[in-house]
Each structure stands twice: as C-alpha cells, then as structure tokens.
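Dear colleague,

I am passing on to you the structure that we spoke about, with the sequence alongside. Below it you will find notes on what turned up, written for someone who is opening it for the first time.

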Amino acid sequence: MEKAIKKNTTAANPVASNKKQFLKKYLYWFWGLSLLGILAVVLLFVLARVGVFGKMPDVHDLENPDIYVASEIISSDGKVLDRFEKEKRIPVEFKDLPQPMIYALMAKEDERFREHSGVDREALFRAVVYGGKRGGGSTLTQQLAKLLFTQRNDDEDGTVAPSSGISKNPILRALQKIKEMIIAVQLEKLYTKDEIMVMYLNKFDFLFNANGIELASQVYFNKHAKKLNLAECAVLVAMLENPALNNPKLNPERVQKRRDVVLRQMEKLKFITAEEYSAIAGTPVKVDFHPTKDLSDTDSYSAYFKYELRKEARAILDDYEKQTGKHFSLYKDGLKIYVTLDSRMQRYAEDAIEKHIKYLQDIFSREQKGRQYAPFYAPRNGKVSLQTIYDKLMTDAMKRTGRYKYLKESGKSDEEILKIFKTPVRLQIFTWKKERDTLMSPWDSIRYHKHIVQAGLMAMEPNTGNIKAWVGGINWKHFQFDHVKQSRRQVGSTFKPFVYATAIKQLNYTPCTEISNEPISLGNWHPRNDNGRYGGSLQLKQALAWSVNMIAVRLIQSTGSDAVIQMARDLGVESPIPRNPTIALGSSDITLYEMVGAYNTFANFGNYVKPEMIWRVEDNNGKVIKENTPQVREVMSEIYAYTMLDLMKGVVDIGTGRGLRGLGVSAEVAGKTGTTNDNADGWFVGITPKLSAGVWVGWEDRYAHFASTGIGQGAKMALPIWAYFMQKVYADPALEISQKDKFPVPDAIKEGWSCEDLASYGGYDGFEGGEGAWNTEPDRTTDANNNSDMRKKDTMDFNR
C-alpha cells in the first residue's frame with residue numbers, strides 16, 4: 001500500500017523529479033568541467049615550463065638576471081672616459097633603499113609580499129572574479145619576472161629590441177601570465193625577498209634614461225636614492241603603474257593624485273600615520289629635474305676610440321671564454337677596462353683638431369662658394385668630367401643611407417626616391433658652433449656634409465706602444481667613420497722614410513750619402529720633381545728634407561720594390577701595397593694607425609712595438625681577465641734607426657716641416673710631411689723621444705680638396721694640428737714630456753755625421769713652409785698598373 005502511495009506521489013509530482021535529474025546533470029558537468037579545467041591549467045603550466053609557448057629561462061638565466069651594469073673605460077691617469085652600456089643604470093643594494101620606499105612599494109604593488117611564494121592566490125582569485133577592477137593579481141615577483149624575461153629581447157651589441165609586450169589576445173595573455181607565475185616561483189627559490197625587491201627597483205625604466213631607482217632619484221629629484229623622503233618615494237612608486245602617464249615631469253597634476261593614492265594605501269596598512277599622510281596629500285609634487293645624456297646623442301671625439309676599443313675588448317673576452325668557459329658581456333657585467341689613453345692628452349688632441357679644422361673649414365667654405373659642383377674637382381688628367389664625378393659620388397652616397405634603403409624596400413623606383421631626396425624636410429646638420437635644425441633636402445644635406453673637412457690624430461709612447469691619444473674624426477654623430485684605424489688613405493711622401501730605411505739597411509747609406517738628381521724613367525712611368533729642377537747630386541738628408549722625388553725613385557730602383565714592401569711589413573704596415581716602384585712616392589693607401597706605429601720604430605731603437613689601447617681588463621670583483629704586455633720585434637739596429645731619426649730631423653730643421661719652428665715647437669723632432677695628388681690628403685708624422693704622433697687631414701671623398709697647394713699641403717693642413725697638440729703636451733708638467741728631451745745617440749755614431757752645410761742649398765725659393773721647391777709631386781700621369789676604384793682611379797698620379 002505504501003509503495004503504491006509513493007509511486008502515485010512521484011507520478012503526481014513530475015516537476016520534483018525533473019529538478020532532481022537536472023541537479024544531478026549539473027553537478028556531473030560542473031565537476032567534470034572543473035576537473036577538465038584544472039587538468040587544462042596544469043597542462044598549460046607543464047607545457048609552458050618545458051618551453052612549448054616560448055623559451056623559458058634556465059637556471060643560469062635565473063641566477064644571472066639581466067640587470068645591466070655598464071663596463072667602465074678608465075684612462076691611464078685614472079679618469080672614467082666612457083662606458084659600455086645598453087642602459088644608463090647605477091644598481092643599489094637593499095641597504096641603500098630608504099624605509100619609506102620599501103613600505104610604499106609593498107603598499108601599492110604587493111601588500112602580502114613577505115607572505116607568498118611568488119604567487120598571491122588571494123589576489124589572483126580577486127583579479128579573476130572582478131576582472132582586475134579591484135586590483136591586479138600580479139605579485140612584485142611576477143612583475144620582476146616580466147621585466148627580466150618576458151618583456152624585452154636584448155642584443156649583445158648594445159641595442160635593445162622591445163618585444164610586443166603582453167598580447168591583447170586573451171589566450172596569449174593567459175599564457176604570458178602563466179609564464180610569469182612559473183618564473184616568479186623559481187625566483188622566490190633562488191633569491192631572498194630583499195633581493196627580489198631591490199632587483200625590481202634596479203631594473204625598472206623610469207623614462208628619460210633613468211633606468212633603476214638610483215638614476216630615477218638623480219634625474220627627478222637630483223639626489224641619491226638613499227636620501228629620498230616619503231613624498232618622493234611615493235612619487236616614484238606611483239610611476240611604476242605607468243611611467244609615462246604618472247610622470248612628474250610630463251604630468252605633475254596626475255602624478256600628484258597617484259602619489260596620494262600610494263600614501264593613502266600606506267596609511268591604511270599602518271606604514272605611515274594619518275598625520276604624515278595629511279602633511280603631504282594635496283600638495284604639489286616637487287621636482288628637481290636633471291636628465292642624463294642620451295646614449296645615442298654623443299658627439300664625443302673619444303667615441304671613435306670606443307668604436308675600436310669595443311672590437312678589441314670583445315676579442316679579449318672571446319679568448320677568455322674559449323680558455324675558461326666563462327662568458328662576460330661588455331654591457332651587463334660591470335667590467336673595468338683600463339686603457340692606455342691619457343685623458344689630458346686626449347683633450348689636447350681634440351682641442352688641437354678643433355682649433356685648426358675650424359680655420360681650414362672657413363677657408364674651404366669660402367673657396368667653394370658659388371661653384372656648381374662644389375666641393376668636387378675634376379682630376380688634372382681630364383679623363384673624367386666633373387659632372388660625372390659629382391653625379392656618381394652623390395648617387396653612391398645617397399644609396400648608402402638608411403632612408404634610401406627603406407624607400408627601396410618599400411617598392412619605390414630610383415626616380416621616385418631621387419624626387420623624395422630632393423624634397424626639403426626638417427633635419428639636423430653639423431656645424432662647428434653647434435648642431436643646427438634646418439629645412440633642407442636630404443640630397444643637399446649629403447652634399448653639405450661632403451664639404452666638411454675631416455681629420456684624425458693618434459699619439460703613442462715609443463717604448464711601450466701605449467696609445468695616449470686617439471681622435472678618429474670631428475663628430476661621431478654625423479661622421480661615423482674612424483680616420484685612425486678604419487680609413488686607408490694615400491700617404492704621399494710620408495712613405496719615403498720606408499724607402500730610405502730600406503736603402504740605409506741594405507746599402508749602408510748615411511745621411512751624407514749623395515744620390516743623383518738627374519731625371520729617370522722606370523718603364524712607362526716618368527716621375528718628375530714638381531718645380532722641374534734637376535741635375536747634380538743631393539745628400540740623403542737634403543733629399544728627404546726637401547722631399548725630392550728623383551732621389552726616392554733612384555733608391556727604390558737600387559733596393560727593389562719587394563725589399564721596400566718587406567720593410568713596411570716589418571714596420572707594422574698590413575694594408576695592401578702594390579708591387580711597383582710608384583710606392584716610393586706614396587701611392588699606397590695606409591691607415592694613420594699603421595703609419596704612426598711604423599715611425600715609432602725609429603724612436604724605439606729600431607724595435608717595432610704594436611700600438612696598444614688596452615692595458616688591463618678586470619671583472620666586477622677586480623679579478624684580472626687580461627693584462628697586455630708590449631709586443632716587440634726587432635726591425636733594424638739602433639744605428640740604422642738613429643740614422644733615420646737624423647734624416648727626419650732635417651725635415652723639421654731645414655725642410656718641408658720647418659713651419660713647426662714658427663708654431664712654438666723648439667724641441668728635437670724627427671718627422672715627415674706628406675701631400676697627395678690634388679691636395680686630397682695632408683699628413684704629418686712627428687717623433688719625439690717620449691711621444692710619437694701623426695695627423696691626417698682630408699675630406700670624405702678624394703675629389704674634394706683645396707684648389708691650391710699653398711693651403712692644401714700637409715705642412716699647412718696637418719702639421720699645425722701636431723704643433724698645437726704638442727704645445728699643450730709640453731706645457732703640462734704632469735706629463736713629464738719636455739722640449740729639452742733628446743734622442744739618445746748610439747755610441748757607435750758618437751756625435752753623428754758631419755755633412756756639408758745643408759741649409760746652403762736653395763730648396764725654398766718661393767715656398768714658405770710648404771713641400772718646398774723639391775717637393776714630391778711626380779709626373780701627373782695615371783699608373784697603368786693601378787686598378788683601384790673610381791674614387792682613386794684617374795687621380796693616381798703618384799703623390800707627395
């Protein structure tokens with residue numbers, strides 16, 4: 001009876017039955033989907049951990065996070081010349097953080113920071129449920145993970161390539177968060193809470209090149225981080241939310257409100273009192289803004305030195321890694337690179353170049369005014385028209401620009417690109433007063449900058465090989481081409497000492513040896529003395545002093561070209577040298593670095609010593625990675641070396657370099673001037689007992705030059721820079737280089753040679769301080785054996 005009643009009751013109440021069935025199905029699906037969700041999340045974590053969704057940092061990465069610490073370049077006199085840095089950053093330790101900074105950071109970013117293990121489950125649940133409207137779910141450790149490993153891709157060259165950041169795609173965004181959580185947990189296992197906090201503050205970019213809390217303190221408040229007060233700490237913490245919107249320099253009113261939010265949260269958590277909050281809230285933000293210099297906005301002369309230094313330092317680090325397996329980065333490991341450069345000599349060299357190049361630029365600019373194809377000249381042989389030269393040089397220069405390459409990749413035709421290049425735009429041009437913003441077409445900008453006179457200077461110690469000054473150009477931002485070691489230019493008569501040295505060593509000649517000055521032809525080559533004066537004989541000292549071509553040609557005829565080339569190789573010249581007698585007059589293209597190193601051998605008793613720019617490299621703990629010792633080899637005896645010094649002293653005392661005496665240099669100097677065809681290059685290399693230095697002056701293109709040899713010769717373009725440099729060196733007693741220094745005379749020579757009166761020869765008729773009546777200008781004919789590119793061909797007339 002009861003069963004019947006129950007059956008009837010159930011049948012009579014179908015709604016209750018359906019409800020029960022629905023509940024069962026709901027619970028079944030709920031738990032099933034929940035389990036699937038949990039499994040899916042676990043699977044995503046596993047897949048993310050093994051790198052399926054992108055590379056995850058390994059233990060080494062986590063133990064060596066990318067907190068970039070610049071490597072310092074320290075001069076021989078203890079000055080920090082520059083740094084290798086991707087980001088301007090001065091890391092601080094936790095003990096240097098003021099207490100208000102620690103409280104503000106925890107109050108605003110992660111109030112349970114001391115309690116969780118990288119992931120705050122409560123904050124995460126709140127963020128999921130409320131969609132982030134009541135605060136985010138990321139912990140401070142997760143934010144550090146994002147900064148270190150999921151936000152940026154860094155390049156060893158010092159460039160930083162921003163990634164796409166967190167994707168707007170919800171799936172990718174979720175994967176990003178999962179990766180951050182995994183990394184955060186790992187970070188918590190490796191570092192203390194204090195280390196995580198200071199790492200985050202050291203890494204954060206506060207804009208205006210203020211990377212890290214220390215630089216941010218200096219940029220925005222002009223003080224060290226440890227001296228920040230409560231209000232300043234709250235401002236910097238407010239910036240962590242968005243450093244652009246909450247920026248005290250850009251948006252002071254907005255940042256005031258966000259600062260007060262930080263202070264309110266600090267009061268809520270009892271980190272500060274109500275009185276402290278009230279004293280600051282509502283008051284204006286006080287900023288003492290001192291921006292740092294942009295890394296890319298350097299016009300430092302030493303940037304040329306740094307360009308070469310980076311290559312040499314990397315080679316040292318690569319060798320160290322091969323030997324030890326330990327990798328060092330120039331941009332993040334805080335190395336100490338002790339260089340041979342002397343900051344005082346470097347400054348004197350920079351000042352000397354600026355002083356004289358300004359003078360030359362003024363003359364050249366006036367000379368070029370109104371010329372249709374300025375600043376170029378056609379070669380004297382007339383084989384190529386000036387318009388052809390102009391069109392080719394300008395077009396080639398245009399095609400080397402980033403603007404041209406971008407337009408070409410965009411599908412523009414050459415005609416369209418040329419039209420764009422000839423359309424005026426706002427751009428910056430170099431001037432000696434300061435960089436100038438102007439309206440000019442890119443085409444005219446290229447032409448304008450080809451007018452600019454360029455220069456290079458290098459100085460080194462004779463016995464150690466230590467490079468003391470290196471100026472590779474006049475402005476790195478506009479002219480990123482080093483004229484010390486990167487640029488090879490025709491050397492003209494500065495090559496002649498190599499010919500003389502070969503003859504002295506091979507044939508035992510002395511400065512008094514006489515050589516015929518009669519005309520001579522070698523095959524199809526008919527060199528000549530520029531003033532057309534021939535006949536008789538000249539002593540070697542006279543011939544080199546006045547840079548007489550016939551003597552150099554006869555010497556190489558006697559020794560052979562191969563012997564001269566070998567001498568140049570022994571003296572450290574590695575640039576290509578053509579195997580023909582025209583090299584006697586300087587037809588080769590050689591770097592200033594090689595020329596100074598070669599001449600230095602004569603001052604170092606015949607021993608070549610490799611010019612060095614690095615003395616020692618240390619890691620951030622002071623451990624020596626590499627310490628250089630001089631690389632020396634004997635090239636000739638000290639007697640032959642002194643013979644060359646004696647010859648080249650004649651250049652300065654009675655010859656083409658005598659203008660040095662009118663520029664305040666009375667010291668014992670051995671040197672040689674050089675001027676190439678059509679005044680395209682001016683050289684002077686001078687040696688003193690304690691310092692060897694060389695100067696090159698010219699233009700970007702060899703077809704740009706002075707019209708007259710009067711101003712375009714090496715004695716007028718390069719020698720004055722050498723003189724101005726040495727004037728300041730001599731005037732600085734701390735450098736211990738004096739005008740009274742003398743070259744040691746070998747015992748075998750005693751007092752040297754007694755040649756007849758050299759000054760009695762009329763070598764200077766009408767040439768005041770120039771290459772002289774007996775200059776090195778050869779026959780102005782093109783070398784049939786020279787197959788150089790268009791910029792040199794047809795002007796290779798074998799140079800002074």
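**Two helix pairs**

In helix α23 (residues 592-603) and helix α24 (residues 638-653), the axes come within 7 Å and cross at roughly 110°, which makes α23 roughly perpendicular to α24. Please keep in mind here, and throughout, that this is a predicted model. From α23 the contact draws on Y599, F602 and A603, while α24 supplies A641, M644, L645 and M648. By type, the residues of this contact between α23 and α24 divide into 7 nonpolar, no polar and no charged.

A second pair is formed by helix α9 (residues 213-221) and helix α10 (residues 230-239), whose axes come within 11 Å and cross at roughly 115°, so that α9 is roughly perpendicular to α10. The crossing of α9 and α10 is right-handed. On the α9 side the contact involves I213, A216, S217, Y220 and F221, and on the α10 side it involves E232, V235, L236 and M239. The contact of α9 with α10 divides into 7 nonpolar residues, 1 polar and 1 charged.

**A sheet and the helix across it**

Turning to the strands, there is an open sheet of 5 strands, in the order β9-β8-β20-β19-β18, and the pairing in this sheet is antiparallel. Because β9 (467-471) and β18 (670-675) stand at the edges, each with a single partner strand, one side of each is left without a neighbour in the sheet. From one strand to the next the twist averages 5°. Within this sheet, strand β8 (residues 454-460) pairs with β9 in the antiparallel sense over 4 bridges, and M458 stands opposite W470 in β9.

Helix α27 (residues 719-731) lies across β8, β9, β18, β19 (681-687) and β20 (692-698), and the helix runs at about 140° to β20.

**A hairpin**

Elsewhere in the chain, strand β15 (residues 614-618) and strand β16 (residues 624-627) pair in the antiparallel sense over 3 bridges, and R616 has E627 in β16 as its bridge partner. Together β15 and β16 form a hairpin with 5 residues between them, and in the turn G622 has a positive phi of about 90°.

Is W443 buried or exposed? Its relative accessibility is 8%, and because buried means under 20%, W443 counts as buried. If neighbours within four places in sequence are left aside, the residues in contact with W443 are Y390, M394, T395, M398, L418, F421 and K422. Of these, L418 is 25 residues from W443 along the chain, and the C-alpha atoms of W443 and L418 are separated by 8.2 Å.

**The protein as a whole**

To place these details in context, the secondary structure of the protein comes to 27 helices and 20 strands. Of the 800 residues in the protein, 52% are buried. Among the contacts between residues at least 6 apart in sequence, 70% join residues that are at least 24 apart.

With kind regards

Definitions and conventions. Residues are numbered from 1 along each chain as its sequence is written. This is a predicted model: local features need pLDDT of at least 70, side-chain atom pairs count only at pLDDT 80 or more; totals for chains, interfaces and linings use all residues. Side-chain values use heavy atoms; hydrogens and water are left out. Two strands pair if DSSP finds at least two bridges between them. Axes are lines fitted to C-alpha atoms, for helices over the stretch in contact, and angles run from 0 to 180 degrees between N-to-C directions. Angles under 35 degrees count as roughly parallel, over 145 as roughly antiparallel, 65 to 115 as roughly perpendicular and the rest as oblique. A crossing is left-handed if the near helix is turned anticlockwise from the far one by less than a right angle, and right-handed if clockwise. Contact means heavy atoms within 4.5 Å. Ala, Val, Leu, Ile, Met, Phe, Trp, Tyr, Cys and Pro count as nonpolar, Asp, Glu, Lys and Arg as charged, and the others, Gly among them, as polar. Buried means under 20% relative accessible area, exposed over 50%, partly exposed in between (1.4 Å probe, protein chains only).
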